[in-house]
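Here is a friendly walk through a few local features of this protein. Have the sequence and the model at hand as you read.

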Amino acid sequence: MPIRARHPRLATLPMWRTLLAAALAALLATLLSPGGAAHSAPRGPVAGSAAGAAGATESRPVYSYADAIRESVWVDTRIDGDADGKTDRVAVDIVRPREPAAKGRKIPVIMDASPYYSCCGRGNESQKKTYDANGNPVQFPLYYDNYFVPRGYAFVAVDLAGTNRSYGCVDIGGRSDVQSAKAVVDWLNGRARGYTSRTGEERTDARWTNGRTGMIGKSYDGTIANGVAATGVEGLETIVPIGAISSWYDYYFAKGAPLFNSGPDGLARGVESPEAAARCGHVKQRLIQGAPRTGDWTPLWTERDHVPDARKVKASVFVVHGQQDLNVRTKHFGQWWDALADAGVQRKIWLSQAGHVDPFDFRRAEWVRTLHRWFDHELLGHRNGIDREPMADIERAPDRWTTDRTWPPRAAHTTALRPAKGSAPGVGVLGTRPGKGTETFTDDRRLSETDWAATIDSSTSAKAGFTTRPLARDLRVSGSSQVKVTVTPTTRTAHLSAVLVDLGPDTIRDYAHDDEGINTLPDRSCWGSSTPGDSSCFKNTEARTAAVDYTIFSRGWADLGNHASDQEGEPLTPGKPYTITLDLAASDHVVPKGHRLALIVGGTDRNLITAPADTPTLTVDLARTVARVPLVGGTKALATTPHSTIPRESRLEGVAKPRPITPIPGGRTS
């Protein structure tokens, strides 16, 4: 996203006056930064950048990273999760510049609270925390410490309860998880107790900070940021959730249909410390009992649903999500974004073509620059204009981005698209007029959405597909869609899937690859200062692309047994019609002129939902089926060519089939 000058007249000044203005702005930035004496600038493409000629201030790398204070504190959560008669303490590893405290200056905090610091690692290189022989922190994963500490921020890395060096138990998004990080925000603001050791009674406070905190993190870490913000805690000024969960039910189920073969207890076993594993069996048992594989909603899920509490959020929110994220699927950012909008929360968003990938690995230089300006604005109060720039950055093709003043755009209007019969069974048409008759398919649990899309123009028994004529102009879909479908099953159980597909040749990020749209290179770039134990240099990446004949860009699933309730299923009566609405995940996709838009309705989407107990044949009532899709420009935008040749039956090429995903949101094994 380009930085726009706030004083356009500078462009017309004589060269010497422009240079003088730039020099004065740079001097002003240094004087206004948290320190006065400059140290050697850290390495990295943006490490030494100054305020531009526009006069906007930015924090500068004026503090020594090598001499920074590195310490550990244990904060009392006021919860006794492991039932040992003592409230749990969570480990808080801190790195902060030495100079401000010596001068009596207080600084803000950037925090990443995570369960992964010892089990799985963080980032593309799976970095873990390391400590010296005395237990003092040496390596902080990722670049946040290297880059921001020299600029006058503290970086705080919190081990969630039951992980790494913290006491307590992992409860997968529950009260203990959220309180692990909230208690630290409270401690930073003088409202909670901190100790110098895990078990000792020597107290310590955080007089070195002004309490202004920004939370950041990918996936599980970003989910904790969402949860803490949803408490409305004072002192949390902003959060940056990257590929984060907004409701844990929606991570494990889609309207009753299981998305994985295991529940939150399995994830708890993967991240908990050996100590917690030995004493937290009762917590895992509660997770098993509270998350039945039926997919019914329980109080456990209510506790872990942050969307209704968006009204409590006081922090600004900078959302980042991959539109092809099949781990933390895009419904999470869509419903969270809408709820935050309703609550009037200040927001910003980046949407990439990648899967479950950090922006540091798909748009590195622009990401670090933007994040730097965001934190400067939200935590240091610098008036750098980022709050007045376009709200949304959207990747349209690999490494090609556009911006939107607001998102979704105001011109997006929900449009009813209706399926109708075509020239062959299962090969129907999609338009604005209601259809008649029925289409029938049989669930084949061996097939996935890619199999359905590859045979969209062929009469196959495993799906019902419907396509528009070729488009007369580009068609933009922006927001969340729904498909209301009436079907008659032959069995007592049935699962349904619906996908929207862009039919036409394109080059996209290969999100189905193990690296989900990036290729990791052997060379490195450096983003901040380094020490012998904590390097600021990370492997570079580039877009991993694939040439395709179609692109699936929105998906939704449901258990037909949940037709009467999103929260509770029931056995079906064979031969009886049922109506259910499938929520298709949020997306922003342009179907180019000459391509076709397709809707596919199928059964089990292999590796994205689990199969039902039975193998149903389902008959779709076309007159009672409709897709409600947010089209920019509304119904008038759906312009198709009046005449077109029906494609020959052939197999189209796309990305690889969805692979099995281990439910570890944010771990490199996910």
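Buried means under 20% relative accessible area, exposed over 50% and partly exposed in between, with a 1.4 Å probe and protein chains only. This is a predicted model, in which local features need pLDDT of at least 70 and side-chain atom pairs count only at pLDDT 80 or more, while totals for chains, interfaces and linings use all residues. Residues are numbered from 1 along each chain as its sequence is written, and side-chain values use heavy atoms, leaving out hydrogens and water.

Helices (H or I, at least four residues) and strands (E, at least two) are DSSP runs, numbered from the N terminus. In helix α4, 13 of the 14 residues are buried, so the rest of the structure largely encloses this helix. After α4 comes G190, with a positive phi near 80°.

Next, a helix pair. The axes of α7 and α9 (lines fitted to C-alpha atoms over the stretch in contact, with angles from 0 to 180 degrees between N-to-C directions) come within 8 Å and cross at roughly 155°. That makes α7 roughly antiparallel to α9, a label for angles over 145 degrees. The table lists the residues in contact (heavy atoms within 4.5 Å).

| Helix | Residues | Contact residues |
|---|---|---|
| α7 | 264–271 | P264, D265, A268, R269 |
| α9 | 281–290 | K284, L287, I288 |

Finally, the strands. β19 (residues 438–442) has E439 and F441 on its covered face and T438, T440 and T442 on its uncovered one. Five bridges join β19 to β28 (residues 617–621), and the two run antiparallel. F441 has L618 of β28 as its bridge partner.

How values were computed: Angles under 35 degrees count as roughly parallel, over 145 as roughly antiparallel, 65 to 115 as roughly perpendicular and the rest as oblique. Two strands pair if DSSP finds at least two bridges between them.
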